[in-house]
Amino acid sequence: MSTFKHLFEPLHIRGKRLKNRIMSSGHDTSIPTDNLVNERLIAYHKARAEGGVGLIVLQVAGVHDSARYTSHVLMATDDACIEGYRRLADTCHAHGTVVLSQIFHPGREIMESSDGLLAVAYSASAVPNERFRVMPRALDQAMIDEIVQGYADAAHRLHQAGLDGVEVVASHGYLPAQFINPRVNRRTDGYNGELEQRLRFVREVIAAVRAATSPDFIIGLRISADERDAEGLNEDESLAAVQALQTALDYVHIVAGTSASLGGAVHIVPPMAIEAAYLAREAGTFKASLAIPLFVTGRINQPQEAELILARGQADVCGMTRALICDPQMPNKTDSGHAEDVRACIACNQACIGHFHRGLPISCIQHPETGREQQFGQLQTAPMRKRVMVAGGGPAGMKAAAVAAARGHAVTLYEASAQLGGQVQLAQLLPRRAEFGGASTNLQREMQLAGVEVLRNTRVDRALVEREKPDVVIVATGAEPYWPAFERGGELQVVDAWQVLRDEVSLGRSVLVVDWRCDWIGPGIAERLVRAGHQVQLAVNGTHCGESLPLYVRDQMAGELHKLGIAITPYARLYGCDDNTVYLQHTASGEPMIFENIDTLVLCQGHQPVDTLVDELEGLVEVKRIGDCLAPRTAEEAIYEGLKVAWTL
């Protein structure tokens with residue numbers, strides 16, 4: 001029996017039974033094609049239904065042609081959508097999972113169009129969006145009526161498809177919130193004024209949806225408890241809104257943030273720098289004020305966190321979306337008493353929301369099978385058992401070892417140092433990046449469960465391979481810091497990021513960090529040194545700091561650097577240094593950029609592969625090279641290549 005008694009207590013809503021309190025909340029996957037449900041999306045949600053999740057809320061379904069906020073959004077504006085939704089609902093229902101869909105209009109929050117042209121956006125009033133620089137048109141009455149009918153028609157189609165209900169999206173500053181927010185809604189026609197007038201649009205939507213469906217069809221509302229922006233809805237306003245609306249709803253689902261500003265958007269998918277389960281307090285406030293179930297989503301990464309929220313009576317259901325992206329089997333593992341086997345999400349945002357923002361199907365750096373269920377969903381036993389040697393205990397090597405062993409091979413992993421994890425060991429030392437170390441912990445557990453033999457403090461060389469006689473050697477020996485050629489004169493101290501993180505050097509007072517990669521290493525080093533009392537400047541070889549990072553990670557980090565007063569210089573290429581001056585070159589103009597009175601120059605200039613073992617083993621055994629020793633990139637590519645190579649054995 002599960003020790004998580006609150007998490008696995010059933011909940012009944014409008015005659016539907018949630019078998020547990022775990023929810024996969026609505027999140028865009030970028031998986032649909034032609035704005036319709038496809039087999040890949042069904043396979044994605046099937047994996048989570050098989051994994052035991054109680055409730056799946058599908059990603060937004062556009063209710064009107066003007067709701068196309070991305071080129072790949074699902075649309076419920078035509079009967080052609082019904083068949084795909086029906087197959088998806090039937091698939092998940094077969095595993096006892098309740099299925100809802102979000103119904104959605106973004107209003108002024110338009111990210112992109114399908115043809116590259118700027119879309120015409122609509123809102124309650126002509127108040128611009130800051131983040132996407134959209135100036136909307138104010139909706140006239142005819143179009144308001146058309147959109148309200150669009151909500152009803154979309155819900156009707158989803159009801160026909162066999163879904164259990166819908167969730168009206170009023171969160172993150174989308175169209176319903178634009179009517180509720182008195183700083184955005186400046187109308188004078190009865191949709192603005194006191195709260196009840198500002199709720200008119202939402203009430204019309206809910207009433208139309210109820211009339212178009214049936215008495216047993218669930219209708220919920222998602223809203224930001226606080227939009228975390230000076231111009232956004234605050235907690236008092238959101239709470240008053242749901243209190244007024246609750247008699248027409250079956251549940252309220254709270255999140256945080258708004259799409260309208262960079263700072264508010266961080267909370268759409270809060271990165272690891274944000275505290276886990278950080279909306280528990282707000283959830284408790286809303287829960288105590290409502291007579292209907294309260295759902296909460298916001299960095300609830302582990303079953304222990306959800307159990308505590310439920311036990312405290314702060315919510316009735318916990319959204320654990322990224323936890324399920326990272327480990328679809330999380331509910332089953334937890335319910336069966338194996339919570340220690342759950343692959344915990346580290347909120348890196350790299351392959352989930354990071355992929356979405358690039359228009360790519362979402363995945364997970366730790367679990368690259370996510371989003372690729374049709375290819376990697378069912379582990380295949382190897383046709384012939386082989387002796388596999390893995391050289392290197394970083395992410396690539398550990399994933400390859402775990403998957404190869406799970407397929408039935410005899411696998412031994414060799415790590416030259418005393419610790420596994422590779423560069424993950426360094427990444428976790430940066431400010432607010434400690435959770436990244438979970439990637440190593442999770443992979444070690446996967447290896448243990450798969451039966452991988454691990455030998456530390458053992459470097460693989462030709463002699464060892466000759467003695468052990470493996471059938472194949474997977475080389476995952478990683479990378480080392482890259483020191484570019486640059487003009488050096490004088491005695492200025494020059495070190496690299498690894499030396500700083502390992503505390504191998506004593507640095508001077510005034511430090512310049514030069515960042516070629518534009519990821520989290522340079523900014524992290526800068527923040528670490530400022531907090532240690534150094535005077536730090538950061539020069540990045542890109543248009544802005546964190547250019548290569550997922551947006552919400554970048555923007556949260558930029559906010560921290562600004563608060564610390566760290567000066568950032570973009571477009572900066574390292575050129576040279578002398579006794580106390582560093583010379584950079586502006587990458588667009590070619591003009592010099594001179595930094596004087598510098599004591600220490602810290603290089604964050606990327607990495608170069610460590611792959612001499614491959615040449616050493618030439619002609620002796622089959623060799624497969626993966627991860628950074630193939631080409632230095634990120635943990636995502638390393639782990640994915642570990643998975644792929646193990647599938648070929």
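Which helices and strands each supply at least two residues of the lining of the largest cavity? They are strand E4 (55-62), strand E6 (98-104), strand E11 (251-256), helix H11 (321-326) and helix H13 (353-357). Helices (H or I, at least four residues) and strands (E, at least two) are DSSP runs, numbered from the N terminus.

## Basis of the report

The structure is a predicted model, in which local features need pLDDT of at least 70 and side-chain atom pairs count only at pLDDT 80 or more, while totals for chains, interfaces and linings use all residues. Residues are numbered from 1 along each chain as its sequence is written, and side-chain values use heavy atoms, with hydrogens and water left out.

## Annotated domains

UniProt, in an unreviewed entry, lists residues 7-338 as "domain: NADH:flavin oxidoreductase/NADH oxidase N-terminal". This span is 34% helix and 17% strand, and its end C-alpha atoms are 14 Å apart. The unreviewed entry also lists residues 387-617 as "domain: FAD/NAD(P)-binding". Here the chain is 31% helix and 29% strand, with end C-alpha atoms 16 Å apart. UniProt positions are given in the numbering used here, feature names are shortened, and annotations may be inferred rather than shown by experiment.

## The parallel sheet

An open sheet of five strands has the order E20-E27-E21-E22-E23, with parallel pairing. Strand E20 (493-496) and strand E23 (567-569) stand at the edges with a single partner strand each, so one side of each has no neighbour in the sheet. On average, neighbouring strands of this sheet are turned by 20° against each other, direction ignored. Two strands pair if DSSP finds at least two bridges between them.

Six bridges join strand E21 (residues 510-515) and strand E22 (residues 535-540) in the parallel sense, and Asp515 has Val540 in E22 as its bridge partner. Helix H20 (residues 521-531) lies across E21, E22 and strand E27 (600-604), and runs at about 165° to E21. Contact means heavy atoms within 4.5 Å; axes are lines fitted to C-alpha atoms, for helices over the stretch in contact, and angles run from 0 to 180 degrees between N-to-C directions.

## The mixed sheet

Another open sheet has four strands in the order E19-E24-E25-E26, and its pairing is mixed. Strand E19 (487-488) and strand E26 (592-596) are the edge strands, each pairing on one side only. Strand E24 (residues 572-577) and strand E25 (residues 581-586) run antiparallel and are joined by five bridges; Cys577 stands opposite Val582 in E25.

## Cavities

The structure holds three cavities of 30 Å³ or more. On a 1 Å grid over the protein atoms alone, a cavity is a set of points where a 1.4 Å probe fits but cannot get out, and a pocket is an open set with protein on both sides within 12 Å along at least five of seven lines; lining residues have an atom within 4 Å of a point. Grid points are joined across faces, edges and corners, and a volume is the space filled by probe spheres set on the points.

The largest cavity holds about 600 Å³ of space. Its lining has 43 residues, and Gly26, His27, Arg222, Ile268 and Val269 are the closest to its centre. H11 gives the most to this lining of the largest cavity, with four residues.

## The second largest pocket

The second largest pocket contains about 940 Å³ of space. Of its 43 lining residues, Asp327, Lys333, Arg343, His367 and Glu369 lie nearest its centre. Helix H17 (438-450) is among the elements that give two or more residues to this lining, and H17 gives the most, with seven residues.
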